[in-house]
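Below are some short notes on the model, for discussion.

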Amino acid sequence: MEKIKHSWMGLLVLLGLGSVGLVIMLGLLKKDPKALSVLKLDKWAETSDVFAHKYEGFAGTHPWFTQGFGPAWQKATGQLITEKVMPGKEGWLFFWQETPRINLMEQVSGQTQLSPREIKSWRLFFDQKYAWCKERGIDYVLVLAPNKGSIYPEMLPDEIKSSPHQFLDELIRDLREHTELPWIDLRPTLKAAKKERQVFYHTDTHWNQWGAYNAYLALMRRLNDRAWRDTAAYRFQLDSVVYHEGDLARLALRPPQAVGFHYEVSPQPEIAYDVQRNFTPEFPAHGGYRYERAAAALPKAVLFHDSFSHDLHPFLGRHFQDLRCYWTFWDMGSQRALTEDPPALLIEQTLERRLAVGHQANEASWIQPYWEKRFDQLRQSWTYEGTSFSQLAGQLGLRPVETDQLWVVALEVEAEESGHLRIENQYRYEPEFAIQPGRQSLFVHLDPAKPVLFRSSSPGLKLLGARVAVY
């Protein structure tokens, strides 16, 4: 009994000290909200993907955080506990800063702009994918989903002013003028749809089902322009349902509460099809959905997407014999999904805020065939006749070039054995070329403003020379 008594007394002392510490902490925060910013859990989340997932999945749903710590912090400091979420008007929440390089308020206010070279890099990124698909008889469509603040700037705080000069407009203008790439900018569609019903959730970063349905209608119109079969959009029935707090509220550790009516959309008439979830063993971290319909005359399709398309692909699944939806970027890691079972249509959905970072993948399987056909059409700049990869890298960094130009390099190499050559230029993914014994040509485009590094795993790989052109 004496041990139990001492245990209880020790627990009470700890609770008392914890309460005193909490009062002192809140007092300090009231005077200086930044004084204890280390306690903002979302900052810890930036250091670890695992912690980030646990933060929203556990802290964002646990009553102690959402009904205790989070509201107490906001009451004491007048701020949300996370710097990633900004409170707007009438209870709306907006993503503020997803990463240090993706600041959504700077995007909507026009402070974020892409350099001419970054725009050109994005053009190549998408045009090379389009060319890769075209050579294989695969139709390609790029779908650009907007930021919430781009559709509802009137719900942002008064200090955030929406600018008419958006980086996405410059990128779209470049794609229109310099490529044949089929793309859909969903901003006009959703701005029109919001006049009838709300298209984004109050406290979530995503569009609601009414927004997703209108995105689906826009995609069907685009596919119909390209003479696709069965692209007549199905009618859908709207049902109002009570919506509770979304992902931004969980990040802010807000208590769960109903925040208004939103819409569930059900098809009319119903169409029978099978849905398989997490069918993608090649992407175990992301999973995916597969929609199969007993209609042999319909084509197969693949959708690469982010979280925005979770409410989109159930509509699309009715139009295809087989629709595979991968929650991942289309890059070197997901290329196998297209080569093993090629679809007739590839839809790539990406998000406005992701395009603000001029930092793309540079996949060898896209760029090699692309420049093989186009290199001789470029203006040749200079020739390197040496045999040192490091000296070539140094010259690429020293040669003068215009601010909107990229280097396109044709490497002549010779190898004794099979291996790989990786060319690093600070892209999101760096190109890695498969090297075969003998002599071969490799083509790659590079950013002159960034350092170049050649890494080879092929024994005895020799550089025979290089031709350099500007793009």
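**Notes on helix packing and salt bridges**

1. Helix α6 passes α8 in a right-handed crossing. The model is a predicted one, and the points that follow should be read as such.

2. The axes of α6, which spans residues 116-135, and of α8 come within 10 Å and cross at roughly 55 degrees. That angle makes α6 oblique to α8. As a reminder, two packed helices are described by the angle between their axes and the distance between the axes.

3. Which residues make the contact between α6 and α8? On the α6 side they are I119, W122 and R123. On the α8 side they are E170, L171, D174, L175 and H178. By class, the contact of α6 with α8 consists of four nonpolar residues, three charged ones and one polar one.

4. Turning to charged pairs, the structure contains 22 salt bridges. One of them joins the side chains of E154 and K194, with an N to O distance of 3.0 Å. E154 sits in the loop between α7 (148-151) and α8 (167-178), while K194 sits in the loop between α9 (187-193) and α10 (209-225), so this pair ties together parts that are 40 residues apart in sequence.

5. D341 belongs to the loop between α13 (336-339) and β13 (345-351), and K300 to strand β11 (residues 300-305), so the pair links parts that are 41 residues apart in sequence.

6. The accessibility of this second pair can be stated briefly. D341 counts as partly exposed at 23% relative accessibility. K300 is partly exposed as well, with a relative accessible area of 29%.

7. R422 counts as partly exposed, at 29% relative accessibility. Both residues belong to a network of salt bridges that links R422, E424, E432 and R455.

Methods. Residues numbered from 1 in each chain as written. Predicted model: local features only at pLDDT ≥ 70, side-chain atom pairs only at ≥ 80, totals over all residues. Heavy atoms only, no water. Salt bridge = Lys/Arg side-chain N within 4 Å of Asp/Glu carboxyl O. Helix = DSSP H or I, 4+ residues; strand = E, 2+ residues; numbered from the N terminus. Buried < 20%, exposed > 50% of the residue type's maximum accessible area, 1.4 Å probe, protein only. Axes fitted to C-alpha atoms, helices over the stretch in contact; angles between N-to-C directions. Parallel < 35°, antiparallel > 145°, perpendicular 65-115°, else oblique. Left-handed = near helix turned anticlockwise from the far one by under 90°. Contact = heavy atoms within 4.5 Å. Nonpolar A, V, L, I, M, F, W, Y, C, P; charged D, E, K, R; others polar.
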